[in-house]
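The tour moves from one selection to the next and says what is to be found at each.

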Amino acid sequence: MARAVRKLSETVSRNVVDDIYRCSFKKQTGVSLKYMMDFGAYPSGRNLLLSSQFLHKELPVRLAHRVTELENLPYGLSTKAPVLKVRDWYVDSFKDLRSFPEIQDLHDELKFTELINQVKMRHNDVMPTMAMGIQELKEDLGRKVGLNELPEIHQFLDRFYMSRIGIRMLIGQHVALHQQNPAPGFVGLISAGVSPVEVAQNAIEDARSACMRTYGSAPEVHVYGDPNFTFAYVPTHLHQMLFELVKNSLRAVQERFRDDDNECPPIRVVVADGIEDVTIKISDEGGGIPRRGLPKIWTYLYSTAKNPVVLGRQDQEMPNVMAGYGYGLPISRLYARYFGGDLQIISMEGYGTDAYLHLNRLGNVQEPLP
């Protein structure tokens, strides 16, 4: 069997390798939710042209940062076939963007928008593919080693996925600004009037359906908060975070009270609107997590459920399976942090768990670029 191609220099020309490393030394430029809102509020030809010229310069820099990191991972992770596949997608996207000529008019801008949309689709399966690479690494190292004992891998994945959220947000936002009849209140992917109560209700419905499919029944979920309260946010991001948190609570409660004749205690979702933060608390009585197990919930591919790593086109960034990826919580925390929020989990072993999702209400925090 032929030796697997390892180094970048064996797959692309010297010029491309040099260009990738040159770009990887350039600084990335972060933007804030507020900036995206203000800029996209009037998607005139001039603004779309400026946006595409910015992305034409910025995206290759962000991709190059990731390629160089994918090339130099510890524990032989860089040589795993799935990781090489992901690296090659990033290299192909880098080459496509670098070979696209300067954007001078709206005709160029439309062609460029088509290109970046293709780039976004090329990267749809990055998460499950990386998950397969990590799974292979875990098998190599033996079952005993948890990923939380490999902090450099964990930190790499945090940086890698945070960067991916940023790249997909920038591309998705630019592409969405081309919609002829945007939904009322929307600026690209951002809605000026997201109702957290309404998004929570939709996420609860989806999570309860998933729970029904898995267990045949689902605990009740009660939502407390003002349904008329709205703020500016990306509703798809909020839905994914809430779906993940509610799904975890449903599973914990369902499994704890599975053989109990009494009704399961309901899960409570509380929405609070502060001056700086919107905070959403998800409380369950699912028995909680032992204190020594808490650090593990933030590590990738840690899951108490069986591990269904499946490939398939996902429009959403996170797969809609009931459990098993071990990605839900760390990725949800990255989504929260991307716009200046956070996610905290506080647990009482023997009783239940509270998740606090903090969302920055002002939208003035720049992307935390890795």
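Begin by selecting residues 235–256, which form helix α9, together with residues 328–338, which form helix α10; in this predicted model the two helices pack at an angle of about 145 degrees, and their axes lie 10 Å apart. The crossing in which α9 passes α10 is left-handed. To see the contact itself, show side chains for His 237, Gln 240, Met 241, Glu 244, Leu 245 and Asn 248 on the α9 side, and for Gly 328, Leu 329, Ser 332, Tyr 335, Ala 336 and Tyr 338 on the α10 side. Coloured by residue class, the residues of this contact divide into six nonpolar, five polar and one charged.

Keep α10 selected and bring back the rest of the chain around it. Ten of the eleven residues of α10 are buried, so this helix is largely enclosed by the rest of the structure. The buried set comprises Gly 328, Leu 329, Pro 330, Ile 331, Ser 332, Arg 333, Leu 334, Tyr 335, Ala 336 and Tyr 338. Stepping just past the helix brings you to Gly 340, whose phi is positive, at about 90 degrees.

Return now to α9 and pick out Ser 249, which is found in that helix. Is Ser 249 buried or exposed? Its relative accessible area is 4%, so Ser 249 counts as buried, the cut-off being under 20%. Leaving out residues up to four places away in sequence, Ser 249 touches Ile 267, Ile 282 and Asp 284.

Next select residues 126–141, helix α6, whose 16 residues reach 23 Å from the first C-alpha to the last, close to the 22 Å expected at 1.5 Å a residue. Within α6, the buried residues are Val 126, Met 127, Pro 128, Thr 129, Met 130, Ala 131, Gly 133, Ile 134, Gln 135 and Leu 137.

A distance drawn between the C-alpha atoms of Ile 171 and Leu 59 reads 8.9 Å, although the two residues are 112 residues apart along the chain. Apart from neighbours within four places in sequence, the contacts of Ile 171 are with Leu 59, Ile 116, Asn 117, Val 119 and Lys 120.

The next selection is the cysteines, for which the count comes to zero disulfides. Cys 264 is in no disulfide, because its nearest cysteine sulfur, that of Cys 211, is 8.6 Å away, whereas a disulfide requires sulfur atoms within 2.5 Å. Cys 264 is partly exposed, with a relative accessible area of 22%, while Cys 23 is buried, at 2%.

Finally, zoom out to the whole chain, where the secondary structure comes to ten helices and eight strands. Of its 370 residues, 53% count as buried. Among the contacts in the chain with a separation of 6 or more, 78% are accounted for by residues 24 or more positions apart, and the pair of Ile 171 and Leu 59, in contact and 112 residues apart along the chain, gives you one to look at again.

Methods
Residues are numbered from 1 along each chain as its sequence is written. This is a predicted model: local features need pLDDT of at least 70, side-chain atom pairs count only at pLDDT 80 or more; totals for chains, interfaces and linings use all residues. Side-chain values use heavy atoms; hydrogens and water are left out. Axes are lines fitted to C-alpha atoms, for helices over the stretch in contact, and angles run from 0 to 180 degrees between N-to-C directions. Helices (H or I, at least four residues) and strands (E, at least two) are DSSP runs, numbered from the N terminus. A crossing is left-handed if the near helix is turned anticlockwise from the far one by less than a right angle, and right-handed if clockwise. Contact means heavy atoms within 4.5 Å. Ala, Val, Leu, Ile, Met, Phe, Trp, Tyr, Cys and Pro count as nonpolar, Asp, Glu, Lys and Arg as charged, and the others, Gly among them, as polar. Buried means under 20% relative accessible area, exposed over 50%, partly exposed in between (1.4 Å probe, protein chains only). The expected span of a helix is 1.5 Å times one less than its number of residues.
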